[in-house]
Amino acid sequence: MDFNKHPHHRGGNGSNTGDRQARFLDGLGAPALRSRNLDGSLSVKVGERLYVDPASQVVIEGFFTSGVLVSGESGVFTSDSPLRAFKPRGRLPFSSVEGGNFQDQGYIASHSDATGYVVDNQFTGFTPDFDVAANAGGGSTLTMAAIVTGAVYRTRNGAAFSTDFTVYSCRAIPEAMSGSILDSVRVMPGQYVLVDGVRTGFRGASFVTLEALDGLGAGHYWPNFLGVKRDNTGWNGELLGLPYTMIAMHQLLVLGPGRYLLVMRCMRSVRRPTLSNNLSMPVAVAQFTKDAGRTWDAVGSLAAAADEFATVMAFPQQVGDGAGVGESDRYAKYFNDASFYTSFSAAAPISATRSLALMMVTYNDYANSGGEVVPGQPMIGKLRTRIKVVRIDTAGAGSITAAQTVFHGRQLEGAASLGDVLPTGDGMLFWLRDVVADDPDENAWQQTPSKPYKIYFTANGADLQFVGYMPFPAYRTGVPCYIDAQTIACPMYADGAHWLYLSRDRMATWSRGALITRSGSPPVINEADPISSATMRNFAKVTRLCTDTGAPINSHPQAPWIMDCAYQAPQ
């Protein structure tokens with residue numbers, strides 16, 4: 001009981017429910033009485049004194065995580081504190097992530113209004129290659145596009161989910177690549193952006209559509225953008241098209257409130273005859289918006305280095321025989337491999353006009369390798385935004401460390417997905433797979449899941465500071481994120497359970513926090529495909545949606561200006 005609460009004596013002038021009830025008990029004349037009130041407070045008379053124990057505050061559980069349980073079912077767990085054990089709340093609203101198939105789409109992310117969302121990408125069929133319909137020789141359908149339904153669900157408590165919106169994607173799947181459909185529809189975390197001069201809650205999704213070209217019987221697979229305001233109205237973004245282009249993968253990088261960079265990786269048909277064979281086409285292209293996706297501008301340059309593969313290059317003029325053995329056919333596969341391994345991490349804005357990003361840049365070594373080996377190099381990219389121009393270049397010499405120069409063959413496969421980044425507001429924390437370029441052990445890339453990530457920090461993209469190693473191997477380590485202005489949280493698997501670990505010194509040291517669950521499916525290394533298990537899947541991300549009083553939390557509390565136009569960004 002709180003004995004500091006008034007009324008301490010009969011002359012108290014308190015007017016709330018507890019005070020009034022305490023004075024009523026006093027009037028009954030008994031030496032000691034107590035009453036539990038409708039508002040949750042407790043009124044007490046003891047001898048000559050009156051006391052009120054106020055109602056307990058209703059605590060809202062704002063920390064959310066999800067994954068697959070040992071039973072094979074999905075589970076959503078919540079907690080009100082990073083130091084108190086998580087509790088089971090329910091299951092995800094779809095079953096495609098269950099039975100060991102949990103993927104990124106099952107993670108709960110923030111809508112910025114104290115609600116979370118998950119995305120369910122479901123394969124629903126194929127559409128034929130646009131090239132086949134346009135080529136003079138007819139031919140068969142050799143390159144397909146997966147038709148995907150992307151349903152976005154939202155939740156406030158982890159137990160009940162409602163449909164937010166649904167989009168349809170046609171993601172290109174060239175014959176040389178088997179590519180996953182699970183990231184066909186990408187939804188960005190919710191923001192507060194200026195819409196017609198008014199601070200407006202906003203969310204958006206990028207996806208690929210099959211669009212016709214005016215006056216031609218062919219088309220192109222090109223990203224689309226759907227912007228949704230908090231009142232469920234919005235717009236489709238006016239993206240720019242590139243004829244005969246198949247976008248197989250795309251990444252939406254948030255550079256600030258309403259400022260997004262959409263990076264797209266292109267692929268080609270492997271077989272001939274196709275209209276795209278002799279066209280110059282980049283491995284990656286990008287567009288930029290400064291008005292929350294209403295309008296888009298082409299990026300001035302994606303060139304990260306003079307000899308980088310993303311430089312626009314035409315196919316060799318020699319046409320293949322249609323059986324996948326000609327020069328054009330081999331080059332098409334080489335081109336698609338390079339596109340597959342080219343990647344951008346999430347962006348780390350450091351001011352209103354400058355951001356950093358972790359990149360894997362691939363190079364054209366077709367002539368020297370006989371079309372067999374695609375080399376790649378991890379780099380830090382500097383993204384400089386202006387009113388209508390985004391220029392992407394690399395920091396310094398480009399290589400992240402002397403030991404990690406250029407990867408080849410299966411080593412590139414081991415390093416391609418790199419790691420991830422975390423904006424700090426004044427720079428970028430990033431972590432990398434522990435792969436050494438040109439390791440004499442040709443199977444060294446298979447060991448990356450059993451090694452911990454290496455952590456670095458950079459304030460400008462050129463000067464790098466080695467922070468240390470994550471405490472556990474990569475396959476038992478989740479994704480770090482800020483949960484308040486100073487604290488980084490990361491799920492990890494240890495001692496037979498999923499735990500939340502905490503760092504208050506930018507990932508230099510970690511301490512164990514809340515227990516997430518002992519019933520989660522334990523991470524294991526897939527011996528047949530080690531790279532697929534290089535990152536922990538289940539309960540690997542914890543998202544803080546709100547405070548324990550229910551107030552919304554900015555998804556970047558360390559730098560709230562990244563997600564909310566109400567804050568002034570550094571210049």
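Asp 80 and Arg 84 join their side chains in a salt bridge, with an N to O distance of 2.8 Å. A salt bridge here is a side-chain nitrogen of Lys or Arg within 4 Å of a carboxyl oxygen of Asp or Glu. The model is predicted, so local features need pLDDT of at least 70 and side-chain atom pairs count only at pLDDT 80 or more, while totals for chains, interfaces and linings use all residues. Residues are numbered from 1 along each chain as its sequence is written, and side-chain values use heavy atoms, without hydrogens and water.

**Salt bridges overall**
- Twelve salt bridges turn up in a search of the whole structure.
- A network of salt bridges links Asp 113, Arg 154, Asp 164, Arg 203 and Arg 230.

**Asp 80 and Arg 84**
- Asp 80 counts as buried because its relative accessibility is 18%; buried means under 20% relative accessible area, exposed over 50%, and partly exposed in between (1.4 Å probe, protein chains only).
- Arg 84, at 48% relative accessibility, counts as partly exposed.

**Arg 154 and Asp 113**
- The side chains of Arg 154 and Asp 113 form a salt bridge of 2.7 Å, N to O.
- Arg 154 is in strand β9 (residues 144-155) and Asp 113 is in the loop between β7 (109-110) and β8 (116-128), so the pair ties together parts 41 residues apart in sequence; strands are DSSP runs (E, at least two residues), numbered from the N terminus.
- Both Arg 154 and Asp 113 are buried.

**Arg 512 and Asp 495**
- A salt bridge of 2.8 Å, N to O, connects the side chains of Arg 512 and Asp 495.
- Arg 512 sits in strand β31 (residues 511-517) and Asp 495 in the loop between β29 (488-494) and β30 (497-503), 17 residues apart.
- Arg 512 is partly exposed at 35% relative accessibility, whereas Asp 495 is exposed with a relative accessible area of 59%.

Definitions and conventions:
Helix = DSSP H or I, 4+ residues; strand = E, 2+ residues; numbered from the N terminus.
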